[in-house]
Every structure is written in C-alpha cells, then in structure tokens.
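Work through the exercises below with the sequence and the model in view. Each task is followed by a solution in steps.

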Amino acid sequence: MRISIGKAKDNDFVIDNPDISRYHAVLFRDDENGCLYLEDSGSTNGTYVNNNQIVRKKVRYDDSVTLGSDYHTSVAEFLHSMNDYSEEFAELKDVYNTYIKEKIRVQSANQFKTRLFQSLPFALIGIVGIVLGFMGQTNKGLFILSFIVAVLAPTVGIYFGARQAAKIPALLQNLANKFKIDYVCPKCGIFLGEIPWESLVNKKQCQITSCQAKWIRT
C-alpha cells in the first residue's frame with residue numbers, strides 16, 4: 001500500500017493548499033513488518049507527526065499529522081481516503097472475544113446461583129424439618145410445624161431460583177445492546193451480527209455496496 005500526498009492532481013490524497021508541496025509526502029506500509037511509515041518527499045514547508053518534524057517515521061493510524069504550517073490531519077484520514085479501515089477493524093477482534101467471554105460468564109454464574117437458590121432451601125429447611133420432626137415425636141405442635149416446613153421447602157427454593165433465573169435475560173440483553181453498538185463496520189456503522197471476527201476476515205471488506213470498506217490490510 002502506498003498513498004502519495006500533495007497538491008498535484010495525480011496524488012492519491014490531493015490537498016488544495018498553497019502551503020502544501022506538489023508532492024509533499026508518502027504514506028506506505030512495509031511489506032515485511034506490516035508497519036506504516038510516513039515519509040516527507042522533500043517538501044518546502046515540512047511534514048510533522050505529533051508536532052515533531054520528520055523525514056521518515058513509523059506511524060500509527062491515530063497519530064496526528066501536520067503538513068506545512070497549517071494543514072492538520074491524521075494517519076487515519078489518509079488511510080480512509082483509500083477506503084482502508086483495517087486498523088479499526090483489527091480492534092473488533094477484542095470486542096468480539098470480550099463479548100463472548102462475558103456472555104459465557106453471565107450464563108454460567110447465574111445458572112450456578114439459580115441452582116444454589118433452588119437447592120439450598122431444600123437442604124437448610126429440610127434439616128430443620130427433620131430436627132423438628134424428631135422433637136415433635138413427643139410434641140404434637142412441633143410435629144405439625146415440621147410438616148409445614150417440609151411442605152414450604154420446595155416452594156421457597158422454586159421462588160428464589162425463579163427470581164435469580166429472571167435476571168439472566170436482562171443481563172444478557174444489556175450485554176447484547178452494548179455489543180450491537182461496538183461491533184460494527186468502522187466506516188458505515190452497520191452491526192456485524194454475532195459472526196466471529198475470524199469469519200469476517202475472510203470477507204475482506206464490508207458487504208454493504210455503498211460502503212465496501214476494506215477490512216484487511218493492503
């Protein structure tokens with residue numbers, strides 16, 4: 001990938017500014033290490049990265065760039081001019097992996113709590129019922145109480161288990177809502193669904209005809 005920058009009309013990134021040289025600078029990606037480099041092409045008024053004048057410098061897509069004295073832009077803007085959104089797309093890998101891990105965590109944690117709430121009343125109240133039952137052998141009142149406790153145990157367990165289970169859809173929905181905002185094409189903003197990031201890599205670009213942002217480095 002090579003993007004020529006300057007005032008001349010045959011540049012890839014044309015800047016109509018008297019302070020910009022005809023062929024001011026070049027942004028290119030090294031084929032060996034995949035890194036981006038910005039190189040001044042012998043311009044009259046200089047090229048600056050993060051306010052430091054450069055001749056040739058390895059850059060990141062979010063670095064700020066100044067050409068001449070007053071044209072301010074960024075490495076990302078140069079890339080976007082070629083419809084290259086590969087840097088932003090690469091970051092979506094972490095977005096997808098984080099979502100899946102959090103989804104599994106929410107489901108597992110709440111399923112455990114649901115089972116615990118359903119089982120614990122049986123154990124605790126059941127033990128109490130047994131104790132009262134033994135004591136109630138000589139006390140009719142305690143015997144009746146033990147019977148009532150034994151009957152209530154399943155009801156209490158089901159109630160608390162159901163309350164915990166009811167929380168899961170809301171938690172998953174909140175997680176999904178955030179995912180739908182974050183896991184989108186970096187150019188057109190369309191939601192990419194729950195398609196694994198590795199599968200999207202094979203598509204190489206956005207499938208929306210009006211967008212077709214490049215997702216893979218060129």
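A polar contact is a pair of N or O atoms within 3.5 Å; within protein, one must be able to donate a hydrogen and the other to accept it, and residues adjacent in sequence count only if both atoms are side-chain atoms. The model is predicted: local features need pLDDT of at least 70, side-chain atom pairs count only at pLDDT 80 or more, and totals for chains, interfaces and linings use all residues. Residues are numbered from 1 along each chain as its sequence is written, and side-chain values use heavy atoms, with hydrogens and water left out.

**Exercise 1.** Find the side chain with which the side chain of Thr 66 makes a polar contact, and decide whether Thr 66 is buried or exposed.

Solution.
- Step 1. Go to strand 8, where Thr 66 lies; strands (E, at least two residues) and helices (H or I, at least four) are DSSP runs, numbered from the N terminus.
- Step 2. The partner is the side chain of His 72, at 3.0 Å.
- Step 3. Thr 66 has a relative accessible area of 11%, so it is buried. Buried means under 20% relative accessible area, exposed over 50%, and partly exposed in between (1.4 Å probe, protein chains only).
- Step 4. Beyond its neighbours within four places in sequence, Thr 66 is in contact (heavy atoms within 4.5 Å) with Gly 46, Thr 47, Tyr 48, Tyr 71 and His 72.

**Exercise 2.** Describe the largest nonpolar core and say which element gives the largest share of it.

Solution.
- Step 1. A nonpolar core is a set of buried Ala, Val, Leu, Ile, Met, Phe, Trp, Tyr and Cys residues joined through side-chain atoms within 4.5 Å.
- Step 2. The largest one has 20 residues, and Ile 5, Leu 27, Leu 38, Leu 67 and Val 75 have the most contacts inside it.
- Step 3. At least two residues of this core come from each of strand 1 (2-6), strand 3 (25-29), strand 4 (36-40), strand 8 (64-67) and helix 1 (75-81).
- Step 4. Helix 1 gives the largest share, four residues.
- Step 5. Another core, of 17 residues, lies apart from this one; Phe 89, Leu 92, Tyr 96 and Tyr 183 are among its members.

**Exercise 3.** Is Ser 210 buried or exposed, and how far apart in space are Ser 210 and Cys 188?

Solution.
- Step 1. Look in the segment after helix 4 (197-203), where Ser 210 lies.
- Step 2. Its relative accessibility is 70%, so Ser 210 counts as exposed.
- Step 3. From C-alpha to C-alpha, Ser 210 and Cys 188 are 8.6 Å apart, with a sequence separation of 22 residues.
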